[in-house]
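Subject: Structure handover and findings

Hello,

Here is the structure for you to look over. Please keep it open while reading the notes below it.

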Amino acid sequence: MDREKIIELLNQDLSGEIEAILVYMRNATVALPENCEAGHEMEEIAFDEMRHAEWLSDLIVKLGGKPSMTHRELDFGGSSAKDFVRRVVELEREAIAMYKEHIAAIDNEEVREKLQHILREEEWHLAEFEELLEELGS
Ligand SMILES: [Fe+2]
Ligand SMILES: [Fe+2]
């Protein structure tokens, strides 16, 4: 796979991280008065997503590209803490599917290792949010 294509895939991953950061931070703030645990959990995980965005940006720059810093239209998932957590579960599932696809496609070892590290953290996020959703009575 050529460098340009790897940069393109990493920018797709970066867009997903930026979307997650914005949705988690906004939902954390709005959910906090209704459900403290949900608010704090989303805030804490938003910081992991910021770290992922930084790692991806570093890889893109190292490959000679520019981090695109774009994102899809934001969908916060509804109006209750439970709606918000349901939405972040969806975003984690999408992220996991995309990282798996990109790890399978990319042949650059340094990039693959970093994406595998991120994937393990996304799987942990999903487990945390699913547990939270269960507590909220999905
Ligand atoms: Fe992430
Ligand atoms: Fe995540």
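Predicted model: local features only at pLDDT ≥ 70, side-chain atom pairs only at ≥ 80, totals over all residues.

Residues are numbered from 1 along each chain as its sequence is written, chains are lettered from A and ligands numbered from 1 in the order in which they are written, and side-chain values use heavy atoms, with hydrogens and water left out.

Metal site

Donors here are N, O and S atoms within 2.8 Å of the metal (3.2 Å for Na, K and Ca), and water is not among the atoms, so sites may look incomplete. At 2.0 to 2.2 Å, the iron ion (ligand 1) is coordinated by E17 (OE), E17 (OE), E49 (OE), H52 (ND1) and E122 (OE). Along the chain these donors follow the spacing E-x31-E-x2-H-x69-E. E17 lies in helix 1 (residues 3–31) and E122 in helix 4 (residues 109–135), so this pair ties together parts that are 105 residues apart in sequence. Helices (H or I, at least four residues) and strands (E, at least two) are DSSP runs, numbered from the N terminus.

For the iron ion (ligand 2), the coordinating atoms come from E49 (OE), E92 (OE), E92 (OE), E122 (OE) and H125 (ND1), at 2.0 to 2.3 Å. Its donors follow the spacing E-x42-E-x29-E-x2-H. E49 lies in helix 2 and E122 in helix 4, so the pair ties together parts that are 73 residues apart in sequence. The two iron ions, ligand 1 and ligand 2, are 3.9 Å apart, and E49 coordinates both.

Buried means under 20% relative accessible area, exposed over 50%, and partly exposed in between (1.4 Å probe, protein chains only). On that scale E17 is buried at 2%, E49 is buried at 1%, and E122 is buried at 1%.

Helix 4

Helix 4 has 27 residues and spans 39 Å from its first C-alpha to its last, close to the 39 Å expected at 1.5 Å a residue. The expected span is 1.5 Å times one less than the number of residues. At the start of helix 4, a side-chain oxygen of N108 comes to within 3.0 Å of the backbone nitrogen of E110. Just after the helix, G137 has a positive phi of about 80 degrees.

V111, in helix 4, is buried with a relative accessible area of 1%. Not counting residues up to four places away in sequence, V111 touches I6, L10, L59, L63 and I106, where contact means heavy atoms within 4.5 Å. V111 and W55 are 56 residues apart in sequence and 9.9 Å apart in space, C-alpha to C-alpha.

Largest pocket

A pocket is found on a 1 Å grid over the protein atoms alone, as an open set of points where a 1.4 Å probe fits, with protein on both sides within 12 Å along at least five of seven lines; lining residues have an atom within 4 Å of a point. The largest pocket holds about 240 Å³ of space, a volume being the space filled by probe spheres set on the points, which are joined across faces, edges and corners. Its lining has 17 residues, of which G16, E19, E94, A95 and M98 lie nearest the centre. Helix 1 and helix 3 are the elements that give two or more residues to this lining, and helix 1 gives the most, with eight.

Loop between helix 2 and helix 3

G64 is found in this loop and is exposed, with a relative accessible area of 56%. Leaving aside neighbours within four places in sequence, G64 is in contact with R3 and I7. G64 and E17 are 47 residues apart in sequence and 20 Å apart in space, C-alpha to C-alpha.

M69 lies in the loop between helix 2 and helix 3 and is exposed at 52%. Its phi is near 55 degrees, a positive value in a residue other than glycine. Most residues other than glycine have a negative phi.

Regards

Note on methods:
Polar contact = N/O pair within 3.5 Å; in protein donor to acceptor, adjacent residues only side chain to side chain.
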